[in-house]
Amino acid sequence: MCIRRRSLRAGACARYTRGMAFGCGKVILLGEHSVVYGRPALAASLASMGAEASAEPWPHARLEVEPWGVAFDVDAEQEEQPADAMQRAFRALLAGYGKPWPRARVRVQLSIPGAAGLGGSAALSVAVVRALDALRGSERTPEAVAAAALAAEYVFHGTPSGIDTAMAAGSGVALFRKDAPLEQVALERPLTLVVGHSGEVGQTKITVASVKQQYQRDPKKLEQTFGAIEALVLNARSALQHGDVADLGKLMSENQKLLNTLLLSTSRLEEMCKATENAGALGAKLTGGGGGGCMIALCAGPELAGPVLEALRKLGRDAFLVQVQP
Ligand code: PMV
């Protein structure tokens with residue numbers, strides 16, 4: 001295999017070699033769910049965590065995903081859709097290349113847990129698209145890669161806003177709004193986040209459907225909540241730009257209260273947020289779909305993250321540190 005390292009643009013997420021590719025995980029700093037309804041959200045790509053994929057010529061299309069133990073061959077002639085979501089998602093990505101579908105064995109190694117609110121499925125989809133592109137000797141912008149990967153997100157999530165694929169193909173911190181160009185946010189200084197896993201499965205498709213049901217019952221009330229979240233998001237962008245992490249933390253905690261009113265939090269996530277704030281975090285909230293999965297706690301710096309990590313571990317939760325670089 002010809003090894004070719006070339007940057008799509010400055011950013012750790014753009015690392016890939018011919019036939020090999022990467023898709024980033026992500027955390028949503030503020031604005032999940034309301035982003036599905038056209039409001040803005042702030043998110044950070046996780047440059048060192050995500051999905052790494054390689055593609056090689058093969059007699060037919062095949063996908064293998066570790067550590068999920070996924071391995072299947074694709075019958076391009078099969079007309080009815082398979083029951084398995086991963087198979088339908090892979091077929092959707094292959095269909096994006098037109099007939100005949102690429103004949104390639106795609107192997108993916110994931111370094112983030114699934115159903116955790118860290119954008120695992122989008123990281124996987126972006127890595128697969130980049131690996132297939134690289135094998136075919138083609139190259140697309142991060143926006144075009146994200147758009148191609150969205151076909152699989154429709155299968156996994158139903159009505160994705162597109163934030164996950166945009167961040168999986170992108171880098172750094174950005175303000176995302178549906179159907180608008182991604183706006184990079186220049187950070188004044190690195191962001192220190194502790195990510196804690198509740199140990200509960202967070203099914204984004206289910207929580208998105210629950211918010212939709214609430215919206216259908218009372219659109220006015222939901223629009224009010226989304227409007228309040230939008231104000232927090234826009235304030236958080238300016239706090240980020242000014243390096244005001246204390247303010248950012250407060251805004252994140254306010255966002256958590258609103259997410260809780262949308263029934264997206266769990267008692268375990270609430271307990272984790274409280275424990276990290278008591279241990280010195282500047283703010284804490286769930287991240288991603290909610291209903292389980294992960295929460296994030298903002299720290300003033302890596303040297304102050306120890307007690308926050310410790311507080312989560314005392315509760316029996318897995319936790320790790322993430323540094324988002326300017
Ligand atoms: O749970 P995740 O990592 O897939 O994040 C979902 C984010 C939502 O805003 C809830 C859904 C979306 O498509 O934007």
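Helices (H or I, at least four residues) and strands (E, at least two) are DSSP runs, numbered from the N terminus. The model is predicted: local features need pLDDT of at least 70, side-chain atom pairs count only at pLDDT 80 or more, and totals for chains, interfaces and linings use all residues. Residues are numbered from 1 along each chain as its sequence is written, and side-chain values use heavy atoms, with hydrogens and water left out.

A cis peptide bond also joins glutamate 66 and proline 67, with omega about 10°. Proline 67 belongs to the loop between β3 (62–66) and β4 (70–73). Histidine 33, in the loop between β1 (20–30) and β2 (41–57), has a positive phi near 70°. Most residues other than glycine have a negative phi, and most peptide bonds are trans.

Two packed helices are described by the angle between their axes and the distance between the axes. Axes here are lines fitted to C-alpha atoms, for helices over the stretch in contact, and angles run from 0 to 180 degrees between N-to-C directions.

| Helix pair | Axis distance | Crossing angle |
|---|---|---|
| α1 and α3 | within 8 Å | roughly 155° |
| α2 and α3 | 8 Å | about 130° |
| α1 and α2 | within 11 Å | roughly 40° |

Angles under 35 degrees count as roughly parallel, over 145 as roughly antiparallel, 65 to 115 as roughly perpendicular and the rest as oblique. Helix α1 (residues 85–95) and helix α3 (residues 142–157) cross at roughly 155°, and are therefore roughly antiparallel to each other. Their crossing is right-handed (the near helix is turned clockwise from the far one by less than a right angle). Contact means heavy atoms within 4.5 Å. On the α1 side the contact includes Ala85, Met86 and Arg88, and on the α3 side Ala148, Val155 and Phe156 are among the partners. The residues of this contact divide into 11 nonpolar, no polar and one charged. Ala, Val, Leu, Ile, Met, Phe, Trp, Tyr, Cys and Pro count as nonpolar, Asp, Glu, Lys and Arg as charged, and the others, Gly among them, as polar.

Helix α2 (residues 120–135) packs on α3 at an angle of about 130°, which makes α2 oblique to α3. The crossing is right-handed. Residues of α2 in the contact include Arg130 and Asp133, and those of α3 include Glu153 and His157. By class, the contact of α2 with α3 has nine nonpolar, three polar and three charged residues.

Turning to the ligand, 17 residues surround it, and the closest are Lys26, His157, Ser161, Asp164 and Thr204; a residue counts as near if one of its heavy atoms lies within 4 Å. An N or O atom in the side chain of lysine 26 is 2.5 Å from an oxygen atom of the ligand. For aspartate 164, a polar side-chain atom lies 2.6 Å from a ligand oxygen atom. Glycine 289 places a backbone N or O atom 2.9 Å from an oxygen atom of the ligand.

Histidine 197 is in strand β8 (residues 191–197). Leaving aside neighbours within four places in sequence, histidine 197 is in contact with residues including Pro113, Met272, Cys294 and Asp318. A polar atom of its side chain lies 2.8 Å from the backbone nitrogen of glycine 199. A polar contact is a pair of N or O atoms within 3.5 Å; within protein, one must be able to donate a hydrogen and the other to accept it, and residues adjacent in sequence count only if both atoms are side-chain atoms.
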